[in-house]
Amino acid sequence: IKSMFKDYDEWNKMHDKVEKLANEFEEYKDTLTNSSNDLLKGIKDYETMYRNLMNLYSFASMNLDIDTRDSTAQALESKAVSLYTKVSEKSSFVTPMILESDEDIIRGYLEENEELSEYKQFFDNIFRGKKHVLSAREEAIMAQVSEIGTASSNTFSMLNNADLKFPKI
C-alpha cells in the first residue's frame, strides 16, 4: 500500500487534485466533440482523472480491509467514495455527448489524429453500448445516487467484518 501513497498527506493532496480536475472537467460540456484536438484533450483529462481516482479508492479500500474498525481508514474510504460520486457526476456527460455526435465524425477524428486513435477501443465500447446509455441528465442523476445505492452493502460489511464477534465452537 505504501507504494501507492507514502502517507495520508500525499493521499489528501491527490484527492484535492482529482477534485479540482472534476470541477474543471465541466468545461468540456460544450466543446468535447468540436474537433479531434478537443476530444483528445478531454479524453486525456478524463483518463487522468479516473486513473488517479482509482488509485485513491484502491488505497483507501485496502487500508480499510486491514482493519475495518480503524476510524481513519473508514473516513478515508468514505472520502474516496464521495469523490468517486462527484467525479462520476461531473463527467457523466461524456458518453451521452459522444453518442449524440455522428459516429462517422468521431471515427474521422480517430483517423485524423494519430494520438486519439490510441483510444479506439474506448470509443468502440461506447458505440457498442449505445442502446444502454441514458441521456446526459439521467446519467448525472444516476451518478449522484450511486453512493446511496451502496450504503446498505457497506453497513453489512462493517458489521460483518468488524463489529460482530462470533464465539469459537
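This is a predicted model: local features need pLDDT of at least 70, side-chain atom pairs count only at pLDDT 80 or more; totals for chains, interfaces and linings use all residues.
Let me turn to the overall layout. The chain has nine helices and zero strands, so that reading along the sequence simply gives the pattern α-α-α-α-α-α-α-α-α. If we take the contacts between residues at least 6 apart in sequence, 77% of them join residues that are at least 24 apart.

With that in mind, I would like to look at one pair of helices in some detail. How are H2 and H3 arranged where they pack? Helix H2 covers residues 36-66 and helix H3 covers residues 71-90, and the two pack at an angle of about 155 degrees with their axes 8 Å apart. Because angles over 145 degrees count as roughly antiparallel, H2 is described as roughly antiparallel to H3. The crossing of these two helices, H2 and H3, is left-handed. On the H2 side the contact includes Met49, Tyr50, Leu53 and Phe59, while on the H3 side the residues include Ala80, Val81, Tyr84 and Val87.

Phe59 brings me to the aromatic residues, since a search of the whole structure finds nine aromatic pairs. One of them is formed by Phe5 and Phe59, an edge-to-face pair with 5.3 Å from centre to centre and 80 degrees between the planes. Phe5 lies in the segment before helix H1, which spans 8-25, whereas Phe59 sits in H2, so this pair ties together parts that are 54 residues apart in sequence. Phe5 and Phe59 are both buried.

A second pair, between Phe25 and Tyr28, is tilted, with 5.0 Å centre to centre and 55 degrees between the planes. Are Phe25 and Tyr28 buried or exposed? Phe25 has a relative accessibility of 1% and counts as buried, and Tyr28 is buried as well, with a relative accessible area of 5%; the cut-off for buried is under 20%.

Finally, which residues make up the aromatic cluster that contains Phe25 and Tyr28? Together with those two, Tyr46, Tyr50, Tyr84, Phe93, Phe122 and Phe123 form one aromatic cluster.

How values were computed. Residues are numbered from 1 along each chain as its sequence is written. Side-chain values use heavy atoms; hydrogens and water are left out. Helices (H or I, at least four residues) and strands (E, at least two) are DSSP runs, numbered from the N terminus. Contact means heavy atoms within 4.5 Å. Rings of Phe, Tyr and Trp (its six-membered ring) pair if their centres lie within 6.5 Å; planes under 30 degrees apart count as stacked, over 60 as edge-to-face and the rest as tilted. Buried means under 20% relative accessible area, exposed over 50%, partly exposed in between (1.4 Å probe, protein chains only). Axes are lines fitted to C-alpha atoms, for helices over the stretch in contact, and angles run from 0 to 180 degrees between N-to-C directions. Angles under 35 degrees count as roughly parallel, over 145 as roughly antiparallel, 65 to 115 as roughly perpendicular and the rest as oblique. A crossing is left-handed if the near helix is turned anticlockwise from the far one by less than a right angle, and right-handed if clockwise.
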